[in-house]
Amino acid sequence: MQNISTILKSVQKPGRYTGGEFGQIVKDKSKMKLRVAFCFPDTYEIGMSNLGVRILYGALNQLDDVWCERVYAPWPDMEEQMRKNNIPLFALESKDSVKDFDIMAISLQYELCYTTAVNMIDLAGLPIYARDRDENMPIILGGGPCAYNAEPVADFFDIFSIGEGEEALPELAKLYMQMKENGTYTKSAFLREASHLKGFYVPSLYNVEYNDDGTIKLFEPKYEDVPKKVEKRVVEDLNTSYFPLKPIMPYIETVHDRIMLETFRGCIRGCRFCQAGMVFRPVREKSAEVLNKQAKAIYENTGYTEISLTSLSISDYSCLHEATDMLLEWTNPKKVNLSLPSLRADSFTKELMRKVSSIRSSGLTFAPEAGTQRLRDAINKNLYEEDLMNAVRLAFKGGKSQVKLYFMNGLPTETYEDIEGISTLAKRVVDEFYKMPIRPKKPVSVTVSVSCFVPKPHTPFQWEPQNSLEELRSKQMFLAEKITDKKIRYNWHEAKVSRLEAVFSKGDRKLSKAIAEAVKRGMKFDAWDEYFSYDNWMDVFATCGIDPDFYATRRMSYDEILPWDVIDIGVNKSFLISESKKAYENATTPNCKEKCSGCGANKLGKELTWCPKRK
Amino acid sequence: MVSEKKIESEMLPVRVKFSKKGNLMYISHLDLAKTMQRIMVRADIDIWYSEGFNPQPKIVFAVPLPVGVESDCELLDIRINTPMDLNEIKNRISKNFPDEMKVLDVYVPELKFKYLAYIDYTIKLNSPKITEQTANDVENLFKNECNVTKITKSGNEKVVNLCEFINSLKAEYSNGKIIISTVLCADGERYLNPELLIEAIKKNLNILISDTTDEYYSILRNKMLNSDLTEFK
């Protein structure tokens with residue numbers, strides 16, 4: 001145990017590093033067979049808000065011989081103190097050094113955390129490359145959404161968990177303990193054995209060769225017993241799977257400081273740019289009864305006064321009305337608020353507005369994503385202008401005067417007409433407000449937020465190039481000129497950030513040397529404006545002989561071996577290709593409830609009414 | 001949980017004495033207040049809620065504990081709507097306290113917080129520069145006049161003589177450490193943050209000024225006191 005108390009006096013927000021929260025799990029370490037340090041490569045406030053990490057923390061700690069603890073990336077002021085005083089990265093519960101744990105698990109939630117993640121390995125006092133770590137050093141396990149293409153960081157990790165981990169990680173833990181107990185454990189024997197478990201990818205067990213143009217020539221297992229493709233794990237039944245009912249209560253304010261209740265996984269929609277919509281298939285729901293029971297238990301165990309029902313698109317939850325009715329029966333008298341993020345404009349009803357407190361606030365947010373019906377069809381958004389107008393009319397009638405609209409620039413097939421459509425659509429929302437006979441006294445305000453399209457692995461748009469920086473900029477400026485109404489506020493994302501995201505999301509193993517170089521230069525927290533530097537990254541790429549455009553702006557062909565082909569998300573490549581072609585015909589695909597389009601994900605999960613198991 | 005509205009005076013006042021030590025000294029007063037509200041909800045104690053659009057359980061603290069100071073004698077008051085056995089309250093709150101904080105006592109308060117006069121502190125100084133002479137230096141520093149510049153709530157600078165706020169102060173040398181026992185003003189008008197003593201020590205005695213881990217100090221609140229120096233309850 002390390003004494004960090006004295007250095008905490010000289011850092012900002014020491015509450016990030018104290019641990020000792022109500023609900024944290026402390027075990028007798030002398031009785032443990034396996035200790036896991038669960039690391040989140042961002043601040044405490046962000047990491048503590050991640051529901052997935054909370055689920056895995058609880059699921060691992062359900063095992064009597066396993067103690068899983070939490071680690072968050074220290075902010076640079078704390079890192080400076082730690083390095084100066086020779087205090088390596090430690091876990092919050094025991095304050096023990098991460099380097100003395102058996103497994104160091106790192107959650108990879110977004111590409112721009114890669115430098116922070118690798119820096120945490122270094123701060124733990126461990127060599128960053130997996131090949132340089134010896135038998136006595138912890139196994140470094142990666143997971144989270146970025147594991148669906150973990151190639152850019154593959155050289156730093158020993159193993160990745162692909163897909164949902166609450167059943168897979170306890171299996172891995174049991175294998176570890178078993179091999180330690182019967183004396184068969186060596187790091188390489190364990191990794192080889194783990195590659196046979198469903199949902200685990202051991203990058204060192206694969207050979208990768210490249211063509212002269214940098215594309216992949218060969219990607220195959222080194223041994224016959226290692227699977228050619230790693231199928232992701234899913235939890236079949238959310239009603240019986242583990243869900244944390246006694247979450248840790250942070251002292252300091254976190255991003256989501258409330259009860260987060262998962263309603264269902266997956267999404268029926270199939271927007272062609274959206275990775276979550278593909279990789280989390282098939283849709284699996286929690287019943288209203290189970291949801292209500294969990295909500296009550298968590299309320300009693302936390303004292304939180306807000307419940308947020310989480311999902312990718314809450315209005316697609318088939319038990320939404322039943323569940324909210326059950327919840328409101330007790331949340332109202334107990335003064336507990338209910339909030340429903342991720343509402344779709346086409347399902348926004350009067351009844352929902354009445355029920356939900358988040359909607360009592362002054363504004364509403366919708367995501368049409370594109371400005372014209374043509375482009376919304378091409379990306380398979382399946383949202384009509386009239387749906388949006390109905391939703392905003394309802395909102396205005398209900399006393400709201402602020403509407404936020406999310407769009408994307410640089411989508412495949414986008415033309416300047418589509419971009420102008422964004423300003424036309426926003427203007428129509430303003431006009432709708434003034435057409436209302438009875439409307440709020442507060443003046444209308446429409447915020448248009450435009451991000452840049454980043455092509456993502458495992459989506460129909462995975463082969464697409466990202467627009468060049470110049471194109472994205474000129475599109476942003478073009479829209480700025482088109483928006484003349486003073487009631488419309490226009491925000492756009494920094495294209496340089498999206499460029500770096502595109503490089504890493506479509507990246508391969510050659511990028512690891514750029515990440516190592518960036519970490520060596522002290523670069524980290526790339527997702528934070530105060531630390532992001534595009535120029536530094538371009539310099540790193542130049543030093544390492546890497547052309548970022550090779551990843552971001554090159555159109556890949558359908559028959560190219562993709563770095564993430566080794567991962568099987570359940571959805572067939574043929575489905576992605578057909579969706580990609582349909583985009584160019586502006587043809588939509590029905591959602592899963594309307595009609596099964598045969599994506600292939602039904603081979604995973606249980607029999608569902610709208611996702612028939614292939615017989 | 002929330003029963004009929006009662007006026008404040010009809011509700012039973014209850015005082016909770018608790019400790020806050022170790023790394024939890026870095027949890028700020030505001031964060032602690034929010035934590036306590038949630039503890040009361042979890043403990044399912046029918047306490048007085050504030051009025052208004054967003055009702056909150058009403059909890060009043062004796063004197064906010066500065067960040068970085070430990071305590072064995074924190075006091076907070078709640079008012080309860082439904083009479084409940086004090087032991088039962090203590091059990092319920094204890095069960096919902098984080099492991100590193102302890103409920104020490106639950107009782108019906110004798111005096112209101114405005115009658116609190118002093119707080120007894122122990123301050124420990126660690127530094128390789130400390131000698132037996134340092135104990136005398138510390139005592140002499142706070143004997144008659146020790147001025148420090150303080151930034152007031154309105155943002156102005158104000159020079160204060162710390163000695164006017166010190167009821168008693170004794171410094172002892174022990175095993176390379178200095179242990180200061182002191183009683184400082186803590187009434188509504190005249191409250192002294194013990195960190196100001198550290199500031200004066202840093203400035204005048206040239207210790208605790210490096211930011212390495214071999215120089216550090218700790219401050220512990222021992223006891224809340226009445227004006228006659230008996231324990232405040």
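**Architecture of chains A and B in the predicted model**

Residues 24 or more positions apart account for 72% of those contacts in chain B that have a separation of 6 or more. The model described here is predicted. Chain B contains four helices and ten strands, which follow one another along the sequence in the pattern β-α-β-β-α-β-β-α-β-β-β-β-α-β. The C-alpha trace of chain B extends over about 65 × 35 × 35 Å along its principal axes. Of the 233 residues in chain B, 32% are buried.

Chain B is divided into domain 1 (8-109) and domain 2 (115-225). A distance of 28 Å separates the C-alpha centres of domain 1 of chain B and domain 2 of chain B. Their contact draws on ten residues from domain 1 of chain B and 14 residues from domain 2 of chain B. On the side of domain 1 of chain B that touches domain 2 of chain B, seven residues are nonpolar, one is polar and two are charged. Within chain B, N206(B) adopts a positive phi of about 60°, although it is not a glycine. This residue, N206(B), is placed in the loop between α4 (195-205) and β10 (216-225) of chain B. N206(B) counts as exposed because it has 11 C-beta neighbours inside 10 Å, the limit for an exposed residue being 12 or fewer.

The contact between the two chains involves 25 residues from chain A and 22 residues from chain B. On the side of chain A that touches chain B, α1 (5-8) and α9 (288-302) of chain A each contribute at least two residues. The largest share of this side, four residues, is supplied by α1(A). By class, the residues of chain A that form this side comprise nine nonpolar, eleven polar and five charged.

In chain A, strand β3 (residues 103-107) is largely enclosed by the rest of the structure, because five of its five residues are buried. From β3(A), the residues I103(A), A105(A) and S107(A) point one way, whereas M104(A) and I106(A) point the other way, and all are buried. Strand β1 (residues 34-40) of chain A pairs with β3(A) in the parallel sense over four bridges, and F38(A) has A105(A) in β3(A) as its bridge partner. Strand β4 (residues 139-143) of chain A also runs parallel to β3(A), to which it is joined by five bridges. Here the bridge partner of M104(A) is I140(A) in β4(A).

When residues up to four places away in sequence are not counted, A37(A) touches E69(A), V71(A), A91(A), V98(A), F101(A), M104(A) and A105(A). In soluble globular proteins, nonpolar side chains tend to be buried together.

A further sheet of chain A is open and consists of four strands in the order β15-β16-β17-β18, with parallel pairing. From one strand to the next, the twist averages 20°. Five bridges connect β17 (residues 445-452) of chain A with β18(A) in the parallel sense, and T447(A) has R489(A) in β18(A) as its bridge partner. Helix α14 (residues 416-435) of chain A packs on the sheet, where it touches β15, β16, β17 and β18 of chain A. The direction of α14(A) makes about 160° with that of β17(A). Helix α13(A) lies across β15 and β16 (402-409) of chain A and runs at about 175° to β15(A).

N380(A) lies in the loop between α12 (373-378) and α13 (385-397) of chain A. Although N380(A) is not a glycine, its phi is positive, at about 60°. N380(A) is buried because 24 other C-beta atoms lie within 10 Å, where 20 or more are required. A cis peptide bond, with omega of about -5°, joins R281(A) and P282(A). P282(A) is located in the loop between α8 (275-279) and β12 (284-285) of chain A.

Technical notes:
Residues are numbered from 1 along each chain as its sequence is written. Chains are lettered from A and ligands numbered from 1 in the order in which they are written. This is a predicted model: local features need pLDDT of at least 70, side-chain atom pairs count only at pLDDT 80 or more; totals for chains, interfaces and linings use all residues. Two residues are in contact if their C-beta atoms, placed from the backbone, lie within 7 Å. Ala, Val, Leu, Ile, Met, Phe, Trp, Tyr, Cys and Pro count as nonpolar, Asp, Glu, Lys and Arg as charged, and the others, Gly among them, as polar. Two strands pair if DSSP finds at least two bridges between them. Axes are lines fitted to C-alpha atoms, for helices over the stretch in contact, and angles run from 0 to 180 degrees between N-to-C directions. Domain bounds come from an automatic or database domain assignment.
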